[in-house]
Amino acid sequence: MKNALLAKRYAKALFAVGQEENALDEYATSLKEFATMLADNPELDDALSNPMYPLDAREGVMAEVVKAAGLSTIMGNFLNLIVQKRRADVLGDIAEMFQILVDEENNTAQGTVVSATELSAEMQAKVQETLEKITGKQVTLTTQVDESIIGGMIAKVGDLVLDGSIKTQLEELKESIKGSE
Amino acid sequence: MRKDVNWSKLGLSALAVMAVVGVAALAYASADAHAGGGDGLLGIPDHKWKDLGWRAMNFAALMIILIKFLKKPIVDGLRGRRQGIKEEFDSLEAQRSESEAQYQEYAGRLSGLDAELQEMVAKAVAQGEVEKARIIAEANDAADQIKRQAEMAVANAVAEAKVKLKNEVADQATVMAEAIIKSNLTADDQGALVGSYLAKVGGAA
């Protein structure tokens, strides 16, 4: 996270509003989807954050996007403020920081598990259960498939990383061979 | 044996003789004239004797005058000349003595030159030996250093080659293991791997 301090400041402000409105999950979902949309559409990201374009034009673009997405008024105002303050480039970080704040509030955590093949529902539940047991929080799990890890799994929850992949084990084996006398 | 001649006395004697002769001739001539004689003494007419007397007296007077006025300068000049010649002789004598002394000195040095030359040659040979020993020692040191450096370079190269070989073996072993695992890993194995890892980390928690 490049602009953690800045993102945390905006995230906290929105979090305070979300608590008052009791709409933390809604804001978190909206911000996450908006950040994903910007990441998937570099042209849109450029149109909102490029200082070469006039501020009026960027505000107009944001207003149209908010309108098309059907976001709440508060969320729309927040995104417009972000554009006015020329901070559209840190929207991804703000969304991430906001999710952390919401997770802390709900005693939940966002988890990701990477495996070489698709995990069965039973196995996903088992992974989630194990992660919740380790972190002591309710984990919202996201799965990814990456064949390069060969086998096993890599699970991440916040700063916690559980790496049981074959690829990592082979790397460790290789390093131990190289380091041996 | 050289006999010094007193020229002044001799000159004065000659002048005295001539003056006596002149006076005698004049006396004789005037006595003879008073006597009214014809031919004079020795058949020489009287006026001839008189003339001789005058000439002798004239010459004597001239010589007296010359001696009176020229004696001192001539004597001084001759004395100076003699003194100069004497000094020149002394100088030449001193030069001769000096040259002889130098000759003796050079002759002495020349006679000792062989020994000196031999000593110089011996010194040069000794210095050459010392220099030779020093050069050989330095060359030996340099050779030892080069040898040590070469040994270190070889050791480093061997160590580097070992590390490189070990790394290549590790890389290849990993690649081979990865290929073998990929080709043999089934879906059940994948599930078993995840399950065993969860059991491991879950148990630890």
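1. The relative direction of two helices in chain A comes first. Helix H2 (residues 24-40) of chain A and helix H6 (residues 91-106) of chain A pack with their axes 9 Å apart and at an angle of about 155°, where axes are lines fitted to C-alpha atoms, for helices over the stretch in contact, and angles run from 0 to 180 degrees between N-to-C directions. H2(A) and H6(A) are therefore roughly antiparallel to each other, given that angles under 35 degrees count as roughly parallel, over 145 as roughly antiparallel, 65 to 115 as roughly perpendicular and the rest as oblique. Helices (H or I, at least four residues) and strands (E, at least two) are DSSP runs, numbered from the N terminus.

2. The crossing of H2(A) past H6(A) is left-handed, a term used if the near helix is turned anticlockwise from the far one by less than a right angle, with right-handed for clockwise. Among the residues making this contact are A:Leu31, A:Phe34 and A:Leu38 of H2(A), and A:Ile94, A:Phe98 and A:Val102 of H6(A); two residues are in contact if their C-beta atoms, placed from the backbone, lie within 7 Å. By type, the residues of the contact comprise 13 nonpolar, two polar and three charged, with Ala, Val, Leu, Ile, Met, Phe, Trp, Tyr, Cys and Pro counted as nonpolar, Asp, Glu, Lys and Arg as charged, and the others, Gly among them, as polar.

3. The model is predicted: local features need pLDDT of at least 70, side-chain atom pairs count only at pLDDT 80 or more, and totals for chains, interfaces and linings use all residues. Residues are numbered from 1 along each chain as its sequence is written, while chains are lettered from A and ligands numbered from 1 in the order in which they are written.

4. Chain A holds eight helices and four strands, in the order α-α-α-α-α-α-β-α-β-β-β-α from the N terminus on. Of contacts in chain A between residues at least 6 apart in sequence, 65% join residues at least 24 apart.

5. The contact between the chains takes 23 residues from chain A and 23 residues from chain B. On the side of chain B that touches chain A, helix H2 (46-184) and helix H3 (187-204) of chain B each supply at least two residues, and H2(B) gives the most, with 11 residues.

6. On confidence, the model scores ipTM 0.72 and pTM 0.54. Chain B has a mean pLDDT (the predictor's confidence in each residue, from 0 to 100) of 86, and 90% of its residues reach 70 or more. Within chain B, confidence is highest in H2(B), at a mean of 91, and lowest in helix H1 (residues 7-35) of chain B, at 73.
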